[in-house]
Amino acid sequence: MLKRTIYSLAIVALIAGCSSGTKLNDTPVTDRSGSAGSQQGSASGVAPVTIDPNAGTAQGPVGIERIVYFDYDSYTVKPEFQSLIDGHARFLKANPQRRVSIEGHTDERGGREYNLALGQKRSEAVRRALTLLGVNDAQIEAVSFGKEKPAAQGSGEEVWAQNRRAELRYTR
């Protein structure tokens, strides 16, 4: 009887420890343009990912940062990154032949599948912010690397904060 009680408590603790308060289906960016048009780009309309070894060196807008940082367990674009997104939107609208890949990343905490989903939500949040500013969805590819490509090695809040990001990489 005691073994059964201990076993039951262990299962309850395991399930409670694996749960997360993050709502991955919440909308991180709100359309405030007043238009009720159709949402562009769906999962079925996404082109396959191609690896371009020169993608990181392709020229984008000069003098504008390329990394959007996120809070822990969040994919909401913070207001402090709006000017960064505005600058990239202006560049992409002025250069319709240019393409950008938005790479979502997470810190090392959490499981692989969860972090891949959170990284995708982060890249999609930045993509959505760009399309709300008038960028053609065909110019943007949103991908996730989860925790697989950290910007900084180690543990601790300072390192984790550097890894919770979405990077904009221009392709030729």
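1. Glu148 and Arg112 form a salt bridge in which the closest N and O atoms are 3.8 Å apart, a salt bridge being a side-chain nitrogen of Lys or Arg within 4 Å of a carboxyl oxygen of Asp or Glu. The pair links distant parts of the chain, with Glu148 in the loop between β3 and α4 and Arg112 in helix α3 (residues 112–132), 36 residues apart. Glu148 is partly exposed with a relative accessible area of 47%, and Arg112 is likewise partly exposed, at 48%; here buried means under 20% relative accessible area, exposed over 50%, and partly exposed in between, with a 1.4 Å probe and protein chains only.

2. This is a predicted model, in which local features need pLDDT of at least 70 and side-chain atom pairs count only at pLDDT 80 or more, whereas totals for chains, interfaces and linings use all residues. Residues are numbered from 1 along each chain as its sequence is written, and side-chain values use heavy atoms, with hydrogens and water left out.

3. The secondary structure of the protein chain comes to four helices and four strands, which follow the pattern α-β-α-β-α-β-α-β along the sequence; helices (H or I, at least four residues) and strands (E, at least two) are DSSP runs numbered from the N terminus. Of the 172 residues in the protein chain, 36% are buried. Among contacts between residues at least 6 apart in sequence, 76% join residues at least 24 apart, where contact means heavy atoms within 4.5 Å. The accessible surface of the protein chain comes to about 10500 Å², of which 55% belongs to carbon and sulfur atoms, the areas coming from the Shrake-Rupley method with a 1.4 Å probe, and for residues only the protein chains shown count as cover.

4. Helix α3 has 21 residues and reaches 30 Å from its first C-alpha to its last, close to the 30 Å expected at 1.5 Å a residue; the expected span is 1.5 Å times one less than the number of residues. Its buried residues include Asn115, Leu118, Gly119, Arg122 and Val126, and the buried residues of α3 pack against β1, α2, β2 (99–105), β3 and β4. After the helix comes Gly134, whose phi is positive, near 100°.

5. The structure holds ten salt bridges, and two further examples deserve a look. Asp137 forms a salt bridge with Arg127, the closest N and O atoms being 2.9 Å apart; this pair also links distant parts of the chain, Asp137 in the loop between α3 and β3 and Arg127 in helix α3, ten residues apart. Both Asp137 and Arg127 are buried. The side chains of Arg165 and Glu167 meet in a salt bridge at 2.6 Å, N to O, and salt bridges that share partners join Glu103, Arg165, Glu167 and Arg169 into one network. Arg165 counts as buried because its relative accessible area is 3%, and Glu167 is buried at 11%.

6. The count of aromatic pairs comes to two, under the rule that rings of Phe, Tyr and Trp (its six-membered ring) pair if their centres lie within 6.5 Å, with planes under 30 degrees apart counted as stacked, over 60 as edge-to-face and the rest as tilted. The rings of Tyr69 and Phe81 have centres 6.3 Å apart and planes at 50°, so the pair is tilted. Tyr69 lies in strand β1 (residues 67–69) and Phe81 in the loop between β1 and α2 (82–94), so the pair ties together parts that are twelve residues apart in sequence. Tyr69 is partly exposed at 31% relative accessibility, whereas Phe81 is buried at 11%.

7. The rings of Phe91 and Tyr170 have centres 5.3 Å apart and planes at 85°, so this pair is edge-to-face. Phe91 lies in helix α2 and Tyr170 in strand β4 (residues 165–171), so parts that are 79 residues apart in sequence are tied together. Both Phe91 and Tyr170 are buried.

8. The charged end of Arg109 sits over the ring of Trp160, 3.7 Å from its centre, and the charged end of Lys149 sits over the ring of Phe145, 4.3 Å from its centre; a charge sits over a ring if NZ of Lys or CZ of Arg is within 6 Å of the ring centre and within 35 degrees of the ring normal.

9. Gln153 is found in the loop between β3 (140–146) and α4 (157–163), and counts as exposed because its relative accessibility is 67%. The C-alpha atoms of Gln153 and Asn163, ten residues apart along the chain, are separated by 8.8 Å.
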